[in-house]
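Subject: Structure handover

Hello,

Here is the structure I said I would pass on. My notes on it follow below.

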Amino acid sequence: MSALKTKKAGVIIFVGLLLFILAWGTWKSLAGQSLEEWIKTKDEPVVERLNRAFDLFTQKRYGEASVEFSKAYELAETVDKEAEVKWQDKIKDISPPRKFYNDPPGARSRGGLSYFKNRMSEAGYGLASSIYWQVLDKYHHRISLSASGSGPRFTPPASELQPALDVINKTLTITPQSENLRILKSEILTLLGAYADAVSVLDEVLLINSESAEAYNQLGIIYSSPPYMNSEEYEMYREKSLAMFEKAALLKDSNGKFLADPHYNLGMYYAIPPSDKPETAMPTKQDAARALQHLSRFLELSAEDNPLRSEVQAIVTKLKKIAE
């Protein structure tokens, strides 16, 4: 009987010890979790939403993509607030004495972790892009943002593009150094005909990054738009536009790649006869050679699904005969 009691007591002690170990392990995993582990855990659902949204965007399902980007933004925003508190608790232990600063300890780090602010910026950019392309899709206005893009020039209602601008402006308060948000904003403003505002935004981009290929390309598009080309200073803006495209063609984008668009814009400029000549006029042999050079480069750099490729390939075939 005593042996049975001893065995039973041993089992109770073993179970109790096991429960203690499990409880301690759970506490340790929560209380002792490093900041890096905490970020990784919180980041997973945000990334899952972002990836889902990106996949929908690439499938041109812009409405569904905007929903997912919006949810990703909300998730990142919630976690960012948690990170702010967590960082403030941590900074109290590592801040230098107050005498070194005019502000309280940790005031310089009051912004907390920037990790999830960057996630909010990604989601905001995706959301604004989805809204933008959804509007273009709605009005069957899949235009090229290039200066010489073919097809009718149609401006969607400003009221339908305003939500995209609102998202961009809100997100810029979170990541004010974002080039991508400003480039997108300038594209939307250009489409709306707010050219002066678009130029101001691009000037901000060039203050942040003086070698922004996207900014120079967009400036080229603006300076080659009807209000500038129809002005008395046509020649000046034409030269300015070409200079912007030439500069954009020599620079790499934010992903470290050369842009295809500046070459399309330059190629079409040299391939299409000036406005003072009939539409049936052919480019000179010299202009044909220049156009061929840029349009061939466009074909090298552009994606296989770029809608302009078939048009460019047909023009290249004609230009080869002229340039011979």
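Of the 324 residues in the chain, buried ones make up 39%. Please keep in mind that this is a predicted model. As for contacts in the chain between residues at least 6 apart in sequence, 64% of them join residues at least 24 apart.

Helix 7 covers residues 195–208, and its 14 residues should span 20 Å at 1.5 Å a residue. The C-alpha atoms at its ends are 20 Å apart, which agrees. Which residues of helix 7 are buried? They are Tyr195, Ala198, Val199, Val201, Leu202, Val205 and Leu206. Viewed down the axis of helix 7, these buried residues fall within an arc of 160 degrees, so they line one face of the helix. The partners of the buried residues of helix 7 are helix 6 (179–191), helix 8 (213–223) and helix 9 (226–229), against which they pack.

Two of those partners also meet each other. The axes of helix 6 and helix 8 come within 10 Å and cross at roughly 10 degrees. Angles under 35 degrees count as roughly parallel, and helix 6 and helix 8 are therefore roughly parallel to each other. From helix 6, Ile183, Ser186, Glu187 and Thr190 make the contact; from helix 8, Glu214, Ala215, Gln218 and Ile222 do.

Helix 10 and helix 11

How do the axes of helix 10 (residues 234–250) and helix 11 (residues 261–271) cross, and at what angle? They come within 8 Å and cross at roughly 140 degrees. Helix 10 and helix 11 are therefore oblique to each other. The crossing of helix 10 past helix 11 is left-handed. On the helix 10 side the contact is made by Arg238, Leu242, Phe245, Glu246, Ala248 and Ala249. On the helix 11 side it is made by Pro262, His263, Asn265, Leu266, Tyr269 and Tyr270.

Leu295

Leu295 lies in helix 12, residues 285–301. Is Leu295 buried or exposed? Its relative accessibility is 0%, so Leu295 counts as buried. Leaving aside residues up to four places away in sequence, Leu295 touches His263, Tyr264, Gly267, Met268, Val312, Ile315, Val316 and Leu319. Leu295 and Pro262 are 33 residues apart in sequence, and their C-alpha atoms are 9.6 Å apart in space.

Helix 5

Helix 5 (residues 158–172) has 15 residues and should span 21 Å at 1.5 Å a residue; its end C-alpha atoms are 20 Å apart, which agrees. Its buried residues are Leu161, Ala164, Leu165, Val167, Ile168, Thr171 and Leu172.

Lys60

Lys60 is in the loop between helix 2 (35–58) and helix 3 (62–94). Its phi is near 65 degrees, a positive value in a residue other than glycine. With 40% relative accessibility, Lys60 counts as partly exposed.

Regards

Key. Residues are numbered from 1 along each chain as its sequence is written. This is a predicted model: local features need pLDDT of at least 70, side-chain atom pairs count only at pLDDT 80 or more; totals for chains, interfaces and linings use all residues. Side-chain values use heavy atoms; hydrogens and water are left out. Helices (H or I, at least four residues) and strands (E, at least two) are DSSP runs, numbered from the N terminus. The expected span of a helix is 1.5 Å times one less than its number of residues. Buried means under 20% relative accessible area, exposed over 50%, partly exposed in between (1.4 Å probe, protein chains only). The arc is that of the directions from the helix axis to the C-beta atoms. Contact means heavy atoms within 4.5 Å. Axes are lines fitted to C-alpha atoms, for helices over the stretch in contact, and angles run from 0 to 180 degrees between N-to-C directions. Angles under 35 degrees count as roughly parallel, over 145 as roughly antiparallel, 65 to 115 as roughly perpendicular and the rest as oblique. A crossing is left-handed if the near helix is turned anticlockwise from the far one by less than a right angle, and right-handed if clockwise.
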